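Reader: I would like to go through this model by question and answer. Please keep it brisk.

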Amino acid sequence: MQREQRFVDADTLAWEAAGEGVKRQIMTFDNDLMMVKVAFETGGIGTLHNHPHTQISYVERGRFEIEIDGTKRELKAGDAYYIPPYVMHGALCLEAGVLVDVFTPMREDFLNHD
């Protein structure tokens, strides 16, 4: 399952739908770590959910209302946030933008579409 792509040319990678107004691009990963870009249209929603992975996200561009464990904060380009395993979280895109998500371990569920 390890792709271990050392250099990543984003123009060669496919985007996949990840919800209404949301799409994701899996950048690179190995069994322990994964980086994913998530593009949102204004109003796009990352529904509340949790998972067993630790997640750190960076706001590449745009503005988002991020909810973590019931607390909401507005974040802008250059900001970041941390989500421990199994903590409920979600996002509302206030201004079209991109989040860069990093997970450990990697998200096998993003690769298995059967």
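Reader: Leaving aside neighbours within four places in sequence, which residues is His-89 in contact with?

Author: This is a predicted model, where local features need pLDDT of at least 70, side-chain atom pairs count only at pLDDT 80 or more, and totals for chains, interfaces and linings use all residues. Residues are numbered from 1 along each chain as its sequence is written, and side-chain values use heavy atoms, with hydrogens and water left out. Contact means heavy atoms within 4.5 Å. With neighbours within four places set aside, the partners of His-89 are Thr-47, Leu-48, His-49, Asn-50, His-51, Gln-55, Glu-67, Ile-68 and Ile-83.

Reader: Is His-89 buried or exposed?

Author: His-89 lies in strand S8, residues 89-104. Strands here are DSSP runs (E, at least two residues), numbered from the N terminus. Buried means under 20% relative accessible area, exposed over 50%, partly exposed in between (1.4 Å probe, protein chains only). His-89 has 4%, so His-89 is buried.

Reader: Which backbone oxygen does the side chain of His-89 reach?

Author: The distance is 2.8 Å. The oxygen belongs to Val-87.

Reader: And Tyr-82: which class of accessibility does Tyr-82 fall in?

Author: Tyr-82 lies in strand S7. Its contacts beyond four places in sequence are Thr-54, Gln-55, Ile-56 and Ile-68. Because its relative accessibility is 47%, Tyr-82 counts as partly exposed.

Reader: What separates the C-alpha atoms of Tyr-82 and Ile-56?

Author: Along the chain, Tyr-82 and Ile-56 are 26 residues apart. Their C-alpha atoms are separated by 4.5 Å.

Reader: Which residues touch the most other members of the largest nonpolar core?

Author: A nonpolar core is a set of buried Ala, Val, Leu, Ile, Met, Phe, Trp, Tyr and Cys residues joined through side-chain atoms within 4.5 Å. The largest one has 20 residues. Strands S2 (22-29), S3 (34-40), S5 (54-68), S7 (80-83) and S8 each give two or more of them. Touching the most other members are Met-34, Val-36, Phe-40 and Phe-64.

Reader: Which element gives the largest share of the lining of the largest pocket?

Author: A pocket is an open set of points on a 1 Å grid over the protein atoms alone, where a 1.4 Å probe fits, with protein on both sides within 12 Å along at least five of seven lines; lining residues have an atom within 4 Å of a point. The largest pocket is lined by 24 residues, with Val-38, Phe-40, Gly-46, His-49 and Asp-101 nearest its centre. The largest share, six residues, comes from S8.

Conventions. Helix = DSSP H or I, 4+ residues; strand = E, 2+ residues; numbered from the N terminus. Polar contact = N/O pair within 3.5 Å; in protein donor to acceptor, adjacent residues only side chain to side chain.
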